[in-house]
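Dear colleague,

I am passing on the structure below so that you can look at it alongside these notes. Please read them with the coordinates open.

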Amino acid sequence: MREYINGNEAVARAVRLARVDVVAAYPITPQSPVVEEIAAQIASGELDAEYIRVESEHAALAACYGAAVTGMRVFTATSSQGLAYMFEMLHYVSGSRVPVVMAVANRGLAAPWTIWADHQDSIVCRDTGWIQLYVETAQEALDTCLQAYRIAEHPEVLTPVMVCLDGYVLSHTEEVVEIPAQEAVDTFLPPYKPQRVVEPERPLVFGVGAGPDLYPAFKQAQQEAMDRAREVICRVDEEFYRIFGRRHGGLVDPYRCRDAEIVLVTLGATTGTAREVADRLRQEGIKVGVLRLRALRPFPAEEVRRALAGCRVVAVLDRNCSFGYEGAVCTEVKAALLGLKEPPAVVGFILGLGGQDIRQADIEDIFRRCLAAGSGAVHQVAAAQSR
Amino acid sequence: MLERIPSIRKAPDEEYYVPGHRTCAGCGPALAYRLTAKAAGPNTIFIGPTGCMYVANTSYGCGPWRVPWIHAQITNGGAVASGIEAAFKVLARKKKYQGEIPHVIVFAGDGGAVDIGLQALSGMLYRGHDVLFICYDNESYANTGIQTSPTTPYGAWTTFTPAGPAVPEGKKLFPKDNPKVVAHGHPELKYLATASIGWPVDLMNKVRKGLNAEGPAYLHIQAPCPKGWQFPPNKTIEMAKLAVQTGMFQLYEYENGEYKLSVKMEERKPVAEYLKLQKRFAHLQPEHIEKLQAFVDARCAEVGITVPAVASAR
């Protein structure tokens, strides 16, 4: 069945199809419609779940944690200040290895106050031990939420997943979305079978302290689970393809990169715009490509290296800033290219902060600047383009 | 339904809070835990927000619980409990859990109940989750080294409220009264009481009443701390009894809008008799004690303790 819906509604459809048991959430723009839609599904009886309208985002994730350790499939969603307010619990959930899935409708962080899209909110959470998948379309938001449960609940992974969709650009923009049939989703995503749960018949202690002799082993285990997640993310995407006929690239989504002289690295919804510009420049004979990172954590260093090894200049488009250095994705891409025999030049561009529109002209400008850059030269554009 | 315990002799023999912890000698909160676990029985899940009763109990690979125990952040005992309670609701509704639905108890310190954890407690009560939230009140952040909390009494020394020439009374603020904060703003609340480790049968029965209530319940247990209050560890029960006998802590149940006193008192002892046994009050001047006595008198009157404070004849 096809529906004309926005990214938020697509996420809510996925929550219903995943037969989520417990939802705990707090309202924040531009995420709220996800939970409004879920509440409506519960009210109509379409979804049999407990919906806890908690008093804060911190409590939302805490309630999800409590339900998840009791063996439930859980969901929450947030944005921006709400995600920042969850920060403490992000670490707690990942460290406890419970498979929470959360949608983040990406939005900039105050001050100054903004409700509009950028990636600062989730980028600053990239070291919290969550898998981070950035989607490009509402369709991919739905599909990725379903995949996220498979990835998070995988016994070799047991790591929470953040599904990040650009605020407004995806969360509030309608597109035609194929809604998978429930039976097919049930085949793809069977009920969650936890290994250990909170129940009086088998008393266990959850959330113990660990001294310096033990703590590092837990962190090592998290890191290894992230490493295993790389393969699981790809496998789950392939399995999804076999059942539903759609796939989204696994960890990375390269476009016309093979013979490209210049490749633009992107996250999220801007990628579509970048591809159109790439097509147009290709018609002029300029060899450009686009590499969308679908996974930011675990970071697909190997795939990035493979996709970018042959090009002359890599441009990285960051909708975030690590103040005092550069865009965070730029740093990561540079690190991935270290050790290549003839590494491409890497040029960072910070654009689209706080909802600033990223137009085709901006992307074309990026490509043309890179074209002019000398081979091997690395220079940094650390601020948004002036208009 | 958990039955009423008529006397200490008829209390259940089984313990669910057992050796395996590292609490201080004479620890009031540990005794409160033991009594609570005994009253609640085996079909119980404890949620422990960060505090003494987390840090001193939960060494890796060694703990004192015979029932499931789960850590929550100091901020969010009420929220984690909400998630667990909601999970069991779903399990029951979807017929995925055959057993009797377990009791869910949050066992939070005064920080995790009255201060940083108040928001999650209030949210949980407001939403009507079937959870018993217990505050074990040792009147300070004892686990981090005795810093003041909102329930620290007026005039008490703590490391954050030292007495000195400029601040002769130490703590200048009067304590927050959490049972009253809880009692008057949560329409879903089904049961509220205060308890003391000095009255163990009363405490256990209040735990059982709270668990029998279908909906949220709040129990505020005063649990003296020898280290923080600075009295000898063999005096814990004496301190608990004196707190009630002076009116520093009032024992009651709050049901249907009325305070029901738990202990009959012919007279109250003056607060000075309580203060002089604890070094945390050693710096107080007569005017400070007078001020505290007036505060205690007013607080007692609020809940219906009308007997006057009379010095013991000695």
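What pLDDT does chain B average, and what share of the residues score at least 70? The model is a predicted one, and chain B averages a pLDDT of 96, with 99% of the residues scoring at least 70. For the complex, the predictor gives an ipTM of 0.94 together with a pTM of 0.95.

Turning to the overall form of chain A, its secondary structure comes to 13 helices and 16 strands, and its C-alpha atoms fill a box of roughly 70 × 55 × 45 Å along the principal axes. Because a compact globule of 387 residues would have a radius of gyration near 21 Å, the 21 Å of chain A agrees with that expectation. Buried residues make up 59% of chain A, and, of its contacts with a separation of 6 or more, 80% are between residues 24 or more positions apart.

As for the surface, chain A exposes about 14700 Å², of which carbon and sulfur atoms supply 53%. The chain carries 39 positive and 50 negative side chains, and the centres of these two sets lie 5 Å apart.

One element that I followed in more detail is helix H5 of chain A (residues 87–95), whose buried residues are A:Met89, A:Leu90, A:Tyr92, A:Val93 and A:Ser94. The cover over these buried residues includes, from chain A, helices H3 (57–69), H4 (80–85) and H9 (215–244) as well as strands S5 (101–106) and S7 (161–166), and, from chain B, strand S2 (69–72). After H5(A) comes A:Arg97, which has a positive phi, near 60°.

Definitions and conventions: Residues are numbered from 1 along each chain as its sequence is written. Chains are lettered from A and ligands numbered from 1 in the order in which they are written. Side-chain values use heavy atoms; hydrogens and water are left out. Helices (H or I, at least four residues) and strands (E, at least two) are DSSP runs, numbered from the N terminus. The radius of gyration is taken over C-alpha atoms; the globule rule is 2.2 Å times the number of residues to the power 0.38. Buried means under 20% relative accessible area, exposed over 50%, partly exposed in between (1.4 Å probe, protein chains only). Contact means heavy atoms within 4.5 Å. Accessible areas come from the Shrake-Rupley method with a 1.4 Å probe; for residues, only the protein chains shown count as cover. Lys and Arg count as positive and Asp and Glu as negative; His and the chain ends are not counted. The place of a charge is taken as NZ of Lys, CZ of Arg, CG of Asp or CD of Glu. pLDDT is the predictor's confidence in each residue, from 0 to 100.
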